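Here are some short notes for a colleague opening this model for the first time. Please read them with the structure in view.

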Amino acid sequence: MQQAASSRLEATRTTAVSGSGMAATPGSRWQRVYLLGDSLTQQSFSVGGWGARLAEAYQRKFDVVNRGFSGYTSTYVEAILPRLALEDQLLLRKDVAAGVIMLGANDAVLEVDKRRVSVEQYVANMKSISACLAEASVDIHRQILVGPPPVAEDLWRAHCETLGREMNLSNDNTKLYSDALATLAKDIGVAGFLNLHSLMQAEDSWHEMLSDGLHFSPKGNEFVAEKIGALLDGVLPRVDLMYPAWDAIDPTNPNLKDV
């Protein structure tokens, strides 16, 4: 049986620290919002992307960290997470105020794509990912799970044809993964679950939220940023801007060493 990510986290931490001379670093006053996912997250730091919009909203309050991996399934992310948590010093710094995990779009590919992950394995992977983050100091009550968005099949089929690939997604199949994640989110008690598959399709002209049938258009990024931001508002602590405003500083005697 595959070892759970949370168990591998401790093994990875012990091996890396003992083998490299790494020492624990003190926590930073700058708290982080940790984004974990696939291309929908990786691309979120593009101009107008949902992650970039969050980073703008949280300027001088929280550092938004993007750990999106294009093409990755939950199986791939579950495999790298123990090492990733160590590299990002999640456990050492203990400064992640909230985690946003958006996975499932690639798990839900059809059988023509070898990356396909069964619904049951997807749920097991997401549970392991959540547990690993909790072990790495991102408490379950500060985690937000985001399900895969709907698929505009005509757009995605045209995109696949342009790339010379077979059509590998269906909207109905993706819904199975979204529904399964909704159940898991309720069972494990995360801070919030965002059902993009349902919420986006409730909007008029929802196809316009997708640039190629899967990835977010500017309109889609605005929608996702608003929805995730609303959930984060219920999780993140209320903090003031880091360091004094410029007009609150005496330019003749700045005295900023101890702020």
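**Notes on the pocket, the rings and one serine**

1. Start with the lining of the largest pocket. By class it has 8 polar, 6 nonpolar and 4 charged residues. Keep in mind that this is a predicted model.

2. The largest pocket holds about 290 Å³ of space. It is lined by 18 residues, and the closest to its centre are Asn106, Arg115, Trp156, Arg165 and Asn168. Helix 7 (residues 153–163) gives the largest share of the lining, with 3 residues.

3. Next, the aromatic rings. The whole structure has 5 aromatic pairs. One of them joins Tyr72 and Tyr76, edge-to-face, with 5.4 Å centre to centre and 90° between the planes. Ring pairs also bring Phe69 into a cluster with Tyr72 and Tyr76.

4. Last, look at Ser178. It is found in helix 8, which spans residues 171–188. Ser178 is buried, because its relative accessible area is 0%. Leaving out residues up to four places away in sequence, Ser178 touches Pro148, Phe193, Asn195 and His197.

Notes
Residues numbered from 1 in each chain as written. Predicted model: local features only at pLDDT ≥ 70, side-chain atom pairs only at ≥ 80, totals over all residues. Heavy atoms only, no water. Helix = DSSP H or I, 4+ residues; strand = E, 2+ residues; numbered from the N terminus. Buried < 20%, exposed > 50% of the residue type's maximum accessible area, 1.4 Å probe, protein only. Contact = heavy atoms within 4.5 Å. Phe/Tyr/Trp six-rings, centres within 6.5 Å; stacked < 30°, edge-to-face > 60°. 1 Å grid on protein atoms, 1.4 Å probe; cavity = no way out; pocket = protein on both sides within 12 Å on 5 of 7 lines; lining within 4 Å. Points joined across faces, edges and corners; volume = space filled by probe spheres on them. Nonpolar A, V, L, I, M, F, W, Y, C, P; charged D, E, K, R; others polar.
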